[in-house]
Amino acid sequence: MIAFTSRLVSLPGTVLRTAVRPRSRRVGVRMNASQENDLVQWGAIAASAVATPVTAWSEYTLATTGSGLPDQYGLIKGLSYLAVVGLVGWSIFTKVKTGSGLPQGPFALLGAFEGIAYLLIVAGIGAYIYQAATI
């Protein structure tokens with residue numbers, strides 16, 4: 001005799017179990033778009049907090065000595081220049097795409113570093129022109 005239930009089918013002497021799917025456990029945290037934007041903004045602020053002083057020091061050294069920072073600072077100097085140019089590029093892209101610049105960010109730090117990055121680009125061009133004129 002075969003007994004049917006809503007969940008199992010059993011024959012005399014055997015038991016068949018339905019497949020039970022365990023609930024999927026997600027490893028990690030799912031973020032919404034606002035949280036992802038905050039994370040990107042904090043990352044840009046952290047990178048800019050390191051990059052802007054290094055870039056300013058490098059440009060000052062270039063203008064005063066003509067040789068820039070010593071070779072042992074090559075990696076940090078290169079990454080700092082990339083971060084400053086990247087921030088300005090992100091700002092220009094956002095300005096073209098949305099019609100307004102980058103958001104101010106937490107405590108208006110992103111906007112401040114954006115302005116400093118533009119000033120460093122102009123100062124770098126000025127340092128190179130000054131160096132070329134004095135040689």
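Q: Hey, which way does helix 1 cross helix 3, left-handed or right-handed?
A: Helix 1 goes past helix 3 in a left-handed crossing, meaning the near helix is turned anticlockwise from the far one by less than a right angle. Bear in mind that this is a predicted model, where local features need pLDDT of at least 70, side-chain atom pairs count only at pLDDT 80 or more, and totals for chains, interfaces and linings use all residues. Residues are numbered from 1 along each chain as its sequence is written, and side-chain values use heavy atoms, with hydrogens and water left out.

Q: At what angle do the axes of helix 1 and helix 3 cross?
A: Roughly 20°, and the axes come within 9 Å. Axes here are lines fitted to C-alpha atoms, for helices over the stretch in contact, with angles from 0 to 180 degrees between N-to-C directions.

Q: So what does that make helix 1 relative to helix 3, roughly parallel or roughly antiparallel?
A: Roughly parallel, a label for angles under 35 degrees, whereas roughly antiparallel is over 145.

Q: New topic: in what order do the elements of the chain run?
A: From the N terminus, β-β-α-α-α. Helices (H or I, at least four residues) and strands (E, at least two) are DSSP runs, numbered from the N terminus.

Q: Where's Y73?
A: Y73 sits in the loop between helix 1 and helix 2 (74-98).

Q: And why does Y73 count as partly exposed?
A: Because its relative accessibility is 31%; partly exposed lies between buried, under 20% relative accessible area, and exposed, over 50% (1.4 Å probe, protein chains only).

Q: How much of the chain is buried?
A: 23% of its 135 residues.

Conventions
Angles under 35 degrees count as roughly parallel, over 145 as roughly antiparallel, 65 to 115 as roughly perpendicular and the rest as oblique.
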